[in-house]
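User: I've got a two-chain model to go through. Can you walk me through it while I look?
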Amino acid sequence: MNQKFKKQLLTDVLTVVIGYVVLTVLMRTGVINDYIKGILLMACINIVLTVSLNITSGFLGELALGHAGFMAVGAYASALFSKSIGLIPAVEFPVAILIGGFAALIAGYIVSIPALRLKGDYLAIITLAAGEIIRNILKNLDIIGGTKGYTGIPGYTTFAWAYFVAVICIFASKSLIQSRHGRSIISIREDEIAAEASGVDTNRYKIIGFIFSAFFAGVGGALYAHYLRFLQPGIFTLNKSIEILVMVVLGGMGSIRGSVISAVILTVLPELLRGFSDYRMLVYSLALIIMMLAKHSDKLKLLLGKLQPAALRKETGHE
Amino acid sequence: MSNVVLEVRDLGINFGGLRAVDGLNIDVEKNQLYGLIGPNGAGKTTVFNMLTGVYEPSDGTIKLNGELLNKKKPHEIARKGVSRTFQNIRLFKNLTVLENVLIALDTQADYSILTGVLKLPKFFRQEKEMEEEAMRLLAVFGLDSDAHTLARNLPYGKQRELEIVRALGTHPKLLLLDEPAAGMNPQETQSLMDAIETLRNTFDISVLLIEHDMKLVMGICEKITVINYGTLLACGTPEEIQTNPQVIKAYLGE
């Protein structure tokens, strides 16, 4: 177990470092221009958001529609901090990210208290309402610009930051899932009654899953705020939550690797479709439908299975 | 203090206007194999659900080794030492056999979330202990060779056995089995009977079981309680129950 884990960790770290070096070299040499770099940066932010939502939706098995709300809390909290405190960026930004994360975590905890009493459709509605409440509160707070928007946020989010925060998010999520806490979270998805009968404190683990998810939504929001340098409550609507949920569903509920891949694909795709100008969203929707259908095609699965190295095949997931 | 593990007194529950269980007394002694039988709809599973905290009894008391269990939550009761299996199997189907047991073994680990996420040495030490314990439990039913199979891919009989292993994972003092032999053929039932006796002896636990298979109940139970319409009909040794005219009447009619 320990030995296997070390080997796995080594491969993972190596992949991350090589990936980073290759991308940086490509950026320095100008093969990847600023436009593509921006898309890749957005992809990293979306990875953080998708992987974190997958903890509630995929592993805990509860449909949550308020992810954009937690993202907004993180975005505004971190922006408020970095705008009002003048430290050197190398110190200020990580603190701002953590503040964003913890602010969202607290919001997540507050929402989880009523949300825990319900499940299924009802929980979905509560989280949806929570997201809207957060957005409307932000709209009416003048110190953060209200509806006019919040401007002048320092642009700290570089590609390196986004890349490594995404990596941390992936590792932390994977690590959580592979611990006893992760197993208890998954057991709730599998069978809540059996989980309770096996001594799992289901309320406690629902809260853990929920706030872990909210924390990284806030972190994603912090990255987003310091990349765009401008925030408006209108960014964090239900549409944004759905957008993230679509990435989770396409990647597969309960598959972290899937979330990463689909977050990248669904960030890049709309950009690739710019050539269709007015018909872009139409083509995008069609592409989504085709991808979802293809995902459930047995022939395609067989083909993908053959392409995949055997070591990668095992993943806890459910359809 | 007597050696009564489970003491149920005047247990009753109402569902709206329906009195599903009324004035039930059960005493399960240490290391005893105890049968709870009765015609369909007699309230047997309802009794189990009250014992495990799924339903809250309307009246009466449930005590485990003298400690009151009423109003405790299911997971608290599980951790106090009452664990159960279900009439229609409830496994964590998309997890492996090993993981199913590890979830129940959570009681024996105490590493924190941070230790788990950062994968500190304590994580590896406790996970290794848990895994060894899980394999030891699985070996009781010979399921250790299937440890990495997904639970849903197990054959039916093995799924029932895995559920028992998972129930043992919380290190219970009292094991509740809800129709463990349902859907099993005579050979499987026979080996299940042997297994129940073995685990009672190895793990030093009491077993309370609901079963319709009279061969199993009469074969291994030392004491039997018969309920009908939620009330006590008879209580005694298998011989006493088999010759009790009221029991025969309830099962076969006049």
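User: Which residue in E8(B) stands opposite B:Leu33?
Analyst: B:Leu33 stands opposite B:Val207 in E8(B). Helices (H or I, at least four residues) and strands (E, at least two) are DSSP runs, numbered from the N terminus. Note that this is a predicted model: local features need pLDDT of at least 70, side-chain atom pairs count only at pLDDT 80 or more, and totals for chains, interfaces and linings use all residues. Residues are numbered from 1 along each chain as its sequence is written, while chains are lettered from A and ligands numbered from 1 in the order in which they are written.

User: How many bridges join E3(B) to E8(B), and do they run parallel or antiparallel?
Analyst: Four bridges join E3(B) to strand E8 (residues 206-210) of chain B, and the two run parallel. B:Gly35 is opposite B:Leu209 in E8(B). Two strands count as paired if DSSP finds at least two bridges between them.

User: What about E3(B) and E9(B): how many bridges there?
Analyst: Four bridges, in the parallel sense, with E9 spanning residues 223-228 of chain B. B:Ile37 has B:Val226 as its bridge partner in E9(B).

User: Is E3(B) mostly covered or open?
Analyst: Mostly covered. Strand E3 (residues 33-37) of chain B has five of its five residues buried. Buried means 20 or more other C-beta atoms within 10 Å of the residue's own; exposed means 12 or fewer, partly exposed is in between, and C-beta atoms are placed from the backbone.

User: Which way do the residues of E3(B) point?
Analyst: B:Leu33, B:Gly35 and B:Ile37 point one way, B:Tyr34 and B:Leu36 the other, and all are buried. In a regular strand, side chains alternate between the two faces of the sheet.

User: What's the strand order of the six-stranded sheet?
Analyst: E6-E7-E8-E3-E9-E10 (chain B), an open sheet with mixed pairing. E6 and strand E10 (231-236) of chain B are at the edges with a single partner strand each, so one side of each has no neighbour in the sheet. Direction ignored, neighbouring strands of this sheet are turned by 20 degrees against each other on average.

User: Which helix packs on that sheet?
Analyst: Helix H10 (residues 245-252) of chain B, which touches E9 and E10 of chain B. Its direction makes about 125 degrees with that of E10(B). Contact means C-beta atoms, placed from the backbone, within 7 Å. Axes are lines fitted to C-alpha atoms, for helices over the stretch in contact, and angles run from 0 to 180 degrees between N-to-C directions.

User: What is the order of the four-stranded sheet?
Analyst: E2-E1-E4-E5 (chain B), open, with antiparallel pairing. Strand E2 (18-29) and strand E5 (67-68) of chain B are the edge strands, each pairing on one side only. Strand E4 (residues 59-64) of chain B and E5(B) are antiparallel over two bridges. B:Glu67 in E5(B) is the bridge partner of B:Leu64. Helix H1 (residues 44-51) of chain B packs on this sheet, touching strand E1 (4-15), E2 and E4 of chain B, at about 70 degrees to the direction of E2(B).

User: Backbone check. What's phi at B:Lys71?
Analyst: Near 70 degrees, a positive value in a residue other than glycine. B:Lys71 sits in the loop between E5 and H2 of chain B. B:Lys71 is exposed, because 10 other C-beta atoms lie within 10 Å.

User: And B:Tyr229: what is its phi?
Analyst: Positive too, about 50 degrees, and not a glycine. B:Tyr229 is in the loop between E9 and E10 of chain B. With 15 C-beta neighbours inside 10 Å, B:Tyr229 counts as partly exposed.

User: Where does B:Val54 lie?
Analyst: In the loop between H1 and E4 of chain B. B:Val54 counts as partly exposed, with 17 C-beta neighbours inside 10 Å. Leaving aside neighbours within four places in sequence, B:Val54 is in contact with B:Asn49 and B:Pro74.

User: Over to chain A. At what angle do H10(A) and H11(A) cross?
Analyst: Roughly 125 degrees. The axes of helix H10 (residues 238-251) and helix H11 (residues 256-272) of chain A come within 8 Å. That makes H10(A) oblique to H11(A). Under 35 degrees counts as roughly parallel, over 145 as roughly antiparallel, 65 to 115 as roughly perpendicular, and the rest as oblique.

User: Last one. How many residues does each chain give to the contact between B and A?
Analyst: 32 residues from chain B and 27 residues from chain A.

Notes:
Contact = placed C-beta atoms within 7 Å.
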